[in-house]
Structure formats: structure tokens, C-alpha cells
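Here is a brief report on one chain.

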Amino acid sequence: MKFFIDTANLAQIREAAELGVLDGVTTNPSLMAKEGIRGREAIDQHYKTICEIVDGDISAEVLSINKDEIIEEGKKLAAIHPNIVVKVPMVKDGIKAIRWFTDNGIRTNCTLIFSAGQAILAAKAGASYVSPFIGRIDDTGWDGMELIGQISNIFSIQGYKTEILAASIRTSNHIVRAAELGADVCTCPLESILGLLKHPLTDLGLAKFLEDAKKM
Ligand code: G3P
């Protein structure tokens with residue numbers, strides 16, 4: 001399973017990249033706004049900078065919701081760097097635009113996936129990735145991970161090439177469950193990635209080794 005970081009924060013992207021396990025980055029308008037990135041020029045420059053830090057797929061989300069505008073915006077985003085993947089929302093015009101991008105060699109990530117039916121539609125349109133939002137499903141009292149398992153089964157039975165990108169990850173355990181259930185990618189906040197390091201027995205064991213090392 002590939003690890004992406006889900007942020008537009010450059011310090012966090014650098015920190016995750018330094019771990020040596022980072023395969024890509026996802027952003028969205030909320031994450032970009034949180035970093036104070038405003039205006040077309042600043043947005044494009046921010047994506048350029050991220051592409052310089054991480055050599056892997058970088059999802060850049062369109063802000064339009066009708067087909068022609070999504071295509072125009074997506075073409076410009078894709079021209080920023082070969083690693084840019086155009087992130088398109090799961091709406092009817094988004095599916096039409098994904099089909100156009102597929103036919104024109106531009107890779108896409110279909111975002112805001114909350115059902116297996118939506119994932120099938122995006123895969124049929126040729127999306128490179130589908131992004132089911134795990135944490136937001138959990139927030140409503142359903143089990144987001146069930147959706148990862150369901151999409152994983154369907155894609156494997158049907159032979160779809162679209163990769164499953166588990167998104168809206170909130171905990172380190174979400175990452176482990178996504179790996180178990182066959183997600184191809186997990187996009188995570190930095191804290192969830194770093195959380196994978198932690199176990200109290202590791203800390204206790206290390207303290208003992210360091211203590212005994214003094215006697216060597
Ligand atoms: O990858 C999608 C993600 O950014 C949404 O996460 O925590 O806002 O549900 P969250």
C-alpha cells in the first residue's frame with residue numbers, strides 16, 4: 001500500500017518525506033485555504049513547490065463543477081508538473097470530465113466517494129484513483145472501512161485498474177485496516193503516519209536495552 005500525506009502544509013510534507021516512506025500528496029480546497037493559499041498564481045506555485053519536495057503523485061483539486069470548466073482547469077493543473085493528478089469531485093459533470101481526461105492522457109483522482117456505486121462509475125470513466133472518505137462515513141455512525149472492503153472486492157472481481165485511495169483517514173488504526181482490506185493507497189495526516197511508530201512495549205524494551213548497554 002502506498003502512503004500519501006493529506007495536507008498542503010509544506011513543513012509536514014517535508015517531515016513525512018524525510019521518513020522515506022512517502023509516495024505522494026493529496027490536497028483539497030479546505031487544506032489549501034487552511035495554509036492561506038489564495039489566488040490562481042499562489043495555488044499553482046504551491047503545487048510546484050510540493051512537486052519539488054515529493055517525487056510521487058500529487059493530487060490537485062479543481063474548483064469548477066461543470067464539465068468544460070473542469071477540463072480547462074484540469075489541463076492547466078496537469079501542465080504544472082507530470083506528477084500532478086487532477087482531483088475531480090463525484091458529480092455528473094465530473095464523470096464526463098474524467099472520461100475526457102482519460103481519453104487525453106491526464107490522470108485523475110475522483111474525490112468525495114461515499115458508495116460503491118460511485119466508485120464503479122469513476123472506475124468506468126477511467127479514473128486513476130477513487131477516494132472513499134472513511135472518517136466522514138464513520139462520523140455518521142456507519143463503518144467507512146466496510147466501503148473499502150466492498151470496493152476492493154468489486155475492483156478485483158471486475159479487473160478495474162483504478163486504484164483505491166483511502167481518504168479522510170483520522171487514526172493510525174484506519175491505516176492498518178485500509179491495508180488489511182486491500183486499499184492501494186492511504187492518504188493520511190502526519191500524526192496518523194507517526195502514530196504507527198508507537199507501542200509502549202517498544203519504549204519499555206528500548207529503555208531496558210539502553211540501560212543494559214551501559215553494562216556492556
Ligand atoms: O482526503 C480527504 C480528506 O482531506 C478529508 O478529510 O478529515 O476533512 O474528512 P477530513
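## Overall fold

The chain holds eleven helices and eight strands. The model is predicted. Its radius of gyration is 19 Å; a compact globule of 216 residues would have one near 17 Å, which agrees. The C-alpha trace spans about 70 × 40 × 30 Å along its principal axes.

Of the 216 residues, 47% count as buried. Among contacts with a separation of 6 or more, 57% join residues 24 or more positions apart. The accessible surface comes to about 11000 Å². Carbon and sulfur atoms make up 54% of that surface.

## Helix 9

Which residues of helix 9 are buried? Ser-172, His-174, Ile-175 and Ala-178 are, in a helix that covers residues 172-180. Seen down the helix axis, the buried residues of helix 9 fall within an arc of 155°, so they line one face. An α-helix has 3.6 residues a turn, so residues three or four places apart point the same way. Asn-173 and Glu-180, on the other side of helix 9, are exposed.

The buried residues of helix 9 pack against these elements:

| Element | Residues |
|---|---|
| Strand 1 | 2-6 |
| Helix 7 | 134-139 |
| Helix 8 | 144-158 |
| Strand 7 | 163-166 |
| Strand 8 | 185-188 |
| Helix 10 | 190-195 |

Gly-182 follows helix 9. The phi of Gly-182 is positive, near 95°.

Note on methods. Residues are numbered from 1 along each chain as its sequence is written. This is a predicted model: local features need pLDDT of at least 70, side-chain atom pairs count only at pLDDT 80 or more; totals for chains, interfaces and linings use all residues. Side-chain values use heavy atoms; hydrogens and water are left out. Helices (H or I, at least four residues) and strands (E, at least two) are DSSP runs, numbered from the N terminus. The radius of gyration is taken over C-alpha atoms; the globule rule is 2.2 Å times the number of residues to the power 0.38. Buried means under 20% relative accessible area, exposed over 50%, partly exposed in between (1.4 Å probe, protein chains only). Contact means heavy atoms within 4.5 Å. Accessible areas come from the Shrake-Rupley method with a 1.4 Å probe; for residues, only the protein chains shown count as cover. The arc is that of the directions from the helix axis to the C-beta atoms.
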